[in-house]
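Here are my notes on the model, point by point. Please read them with the coordinates open.

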Amino acid sequence: MLWPLSHFRKSRAPSRGTIEAIYGMIVTQAREPFFYQTLRVPDTVDGRFDMILLHLWIALSRLKQGDDKELPQALFDHFCSDMDANLREMGVGDLTVPKRMHAFGEAFYGRSAAYDRALAEGRESLAEALDRNIYNGRDIESARRLADYAVEAIAAPAADHEVTPAGRLRFPDLAHRT
């Protein structure tokens, strides 16, 4: 006889504002000049896309550690909507958008699986995966530094990885890195 009480429960769906705030933080962090100038990530459309994917993977890895199981999916859905909107804004035709979105999905899931496996194996394996995917196998030293950053970002203290109603998701401070 508990069913009438279910009408009084709050919806567990994350708010659109929270999702937009988190996604905005991901994109802002992915655009930091540090990655392109210091860690020599290629400053190209592909390089910037790879950094968004990396930061999305980091954020999802952290959010999956929490209690809100709907938030990671809502964040991924927002990423897909943003990529779709960007393609259309760039003038990609309606018939081509689904093909490009499929490619984006494959890129994300492929990299996520590779990064998850590599992270489980250790920092050097993650560096090798980052080198393959972001640096095209040409800069293992920069990939090692990027792996250090990613490991630090995922292992943030519990207070840092919790999402507040305003959507605060902190990434490591880049100011002290050189």
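1. Arg48 is partly exposed, because its relative accessible area is 32%, between the limits of 20% and 50%. Its partner is Asp43. The two form a salt bridge, with the closest N and O atoms 2.7 Å apart. Bear in mind that this is a predicted model.

2. How many salt bridges does a search of the whole structure find? The count is nine. One group is a network of salt bridges that links Asp84, Arg88 and Asp94. Side chains of opposite charge can pair when their charged atoms come close.

3. Arg144 deserves a look of its own. Its side chain meets that of Glu124 in a salt bridge, at 2.9 Å from N to O. Glu124 belongs to helix H6 and Arg144 to helix H7, so the pair ties together parts that are 20 residues apart in sequence. Arg144 also forms a salt bridge with Glu141, and here the closest N and O atoms are 2.4 Å apart. Both Arg144 and Glu141 lie in helix H7, three residues apart, which is about one turn of the helix. An α-helix has 3.6 residues a turn, so residues three or four places apart point the same way.

4. Arg144 counts as partly exposed at 29% relative accessibility. Glu124 is partly exposed at 35%. Glu141 is partly exposed too, with a relative accessible area of 48%; the limit for exposed is over 50%.

5. Next, the geometry of helix H7, residues 140-154. It has 15 residues, so at 1.5 Å a residue it should span 21 Å. Its end C-alpha atoms are 20 Å apart, which agrees.

6. Which residues of H7 are buried? They are Ser142, Ala143, Leu146, Ala147, Tyr149, Ala150, Val151, Ala153 and Ile154. Their cover includes helix H1 (16-30), helix H2 (33-37), helix H3 (45-63), helix H5 (97-121) and helix H6 (123-134). Asp148 is also found in helix H7, but Asp148 counts as partly exposed, at 30% relative accessibility. The C-alpha atoms of Asp148 and Leu126 are separated by 9.0 Å, with the two residues 22 apart along the chain.

7. Asp139 sits in the loop between H6 and H7. Asp139 is buried, because its relative accessible area is 12% and the limit for buried is under 20%. A polar contact of 2.8 Å joins its side chain to that of Ser142. Not counting residues up to four places away in sequence, Asp139 touches Arg40 and Asp131. Please check this site in the model.

8. Helix H5 passes the length test as well. Its 25 residues should span 36 Å at 1.5 Å a residue, and its end C-alpha atoms are 36 Å apart, which agrees. The buried residues of H5 include Met101, Phe104, Phe108, Arg111 and Tyr115. The buried residues of H5 pack against H3, H4 and H6. Gly122 follows H5 and has a positive phi, near 130°.

9. Now the core. The largest nonpolar core has 53 residues, and Phe35, Leu75 and Leu146 touch the most other members. The elements that give two or more residues to this core are H1, H2, H3, helix H4 (70-89), H5, H6 and H7. H3 gives the most, with 11 residues. What does Leu75 contact, leaving aside its neighbours within four places in sequence? The list is Ile19, Ile22, Tyr23, Ile26, Leu56, Ala59, Leu60 and Leu63.

10. Last, the overall picture. The secondary structure comes to eight helices and zero strands. Along the sequence the pattern reads α-α-α-α-α-α-α-α. Of the 178 residues in the protein, 42% are buried. Among contacts between residues at least 6 apart in sequence, 63% join residues at least 24 apart. The protein exposes about 10300 Å², and carbon and sulfur atoms supply 53% of that area.

Terms used
Residues are numbered from 1 along each chain as its sequence is written. This is a predicted model: local features need pLDDT of at least 70, side-chain atom pairs count only at pLDDT 80 or more; totals for chains, interfaces and linings use all residues. Side-chain values use heavy atoms; hydrogens and water are left out. Helices (H or I, at least four residues) and strands (E, at least two) are DSSP runs, numbered from the N terminus. The expected span of a helix is 1.5 Å times one less than its number of residues. Buried means under 20% relative accessible area, exposed over 50%, partly exposed in between (1.4 Å probe, protein chains only). Contact means heavy atoms within 4.5 Å. A polar contact is a pair of N or O atoms within 3.5 Å; within protein, one must be able to donate a hydrogen and the other to accept it, and residues adjacent in sequence count only if both atoms are side-chain atoms. Accessible areas come from the Shrake-Rupley method with a 1.4 Å probe; for residues, only the protein chains shown count as cover. A nonpolar core is a set of buried Ala, Val, Leu, Ile, Met, Phe, Trp, Tyr and Cys residues joined through side-chain atoms within 4.5 Å. A salt bridge is a side-chain nitrogen of Lys or Arg within 4 Å of a carboxyl oxygen of Asp or Glu.
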